Amino acid sequence: MSRRFTPKVVTANALVEGDVVYLTADNRWTRLHGEAELIEDEAHAALRLLKAEAQRDRVVGVYLADARRGPNGPEPVHFREAFRAKGPSNYRHGKQELDRNV
């Protein structure tokens, strides 16, 4: 018996800046996890992953990450993804400078 599909977001790193980015429903890359498209269908996830992988001029390291529906959009499920969503931990810069609640 196959495993039940769990919701996903498409994530990668921006090619030039290296920041963690997420694919939105309208085909933009955003640095905010909550703006990512929450994909709840396995076939749709596979198609979105292919579309993202084709953007080699913009992103690297594309993959599907588990996520769940939250009050403000998708939320990370695993520690690694929660850590990636917050940005580097050594000092405040990038996303952390923009979001004072991190």
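Q: Hi! Where does leucine 15 lie?
A: Hello! This is a predicted model, and in it leucine 15 lies in the loop between β1 (8–14) and β2 (20–23).

Q: Is leucine 15 buried, exposed or partly exposed?
A: Leucine 15 is partly exposed, and its relative accessible area is 40%.

Q: Nice. New topic: how many salt bridges does a search of the whole structure find?
A: The search finds 8 salt bridges. We can go through a few of them.

Q: Great, which side chain meets arginine 48 in a salt bridge?
A: That is the side chain of glutamate 37, at 2.7 Å from N to O.

Q: And what parts does that pair tie together?
A: Arginine 48 is in helix α1 (residues 42–53), while glutamate 37 is in the loop between β3 (29–30) and α1, so the pair joins parts that are 11 residues apart in sequence.

Q: Is arginine 48 buried or exposed?
A: Buried: arginine 48 has a relative accessible area of 8%. Glutamate 37 also counts as buried, at 14% relative accessibility. Both are put in that class because buried means under 20% relative accessible area.

Q: Okay, what about arginine 84, which residue does it form a salt bridge with?
A: Arginine 84 pairs with glutamate 81, and their closest N and O atoms are 3.0 Å apart.

Q: Where do those two lie?
A: Both arginine 84 and glutamate 81 are in helix α2 (residues 79–86). They sit 3 residues apart, which is about one turn of the helix.

Q: Are they buried or exposed?
A: Arginine 84 counts as buried at 11% relative accessibility, and glutamate 81 is buried with a relative accessible area of 4%.

Q: Let's move on to glutamate 75. What is its salt-bridge partner?
A: Glutamate 75 forms a salt bridge with arginine 68, with 3.5 Å between the closest N and O atoms.

Q: One last thing: which residues are linked in a network of salt bridges?
A: Glu17, Asp19 and Arg31 are linked in such a network.

Conventions
Residues are numbered from 1 along each chain as its sequence is written. This is a predicted model: local features need pLDDT of at least 70, side-chain atom pairs count only at pLDDT 80 or more; totals for chains, interfaces and linings use all residues. Side-chain values use heavy atoms; hydrogens and water are left out. A salt bridge is a side-chain nitrogen of Lys or Arg within 4 Å of a carboxyl oxygen of Asp or Glu. Helices (H or I, at least four residues) and strands (E, at least two) are DSSP runs, numbered from the N terminus. Buried means under 20% relative accessible area, exposed over 50%, partly exposed in between (1.4 Å probe, protein chains only).
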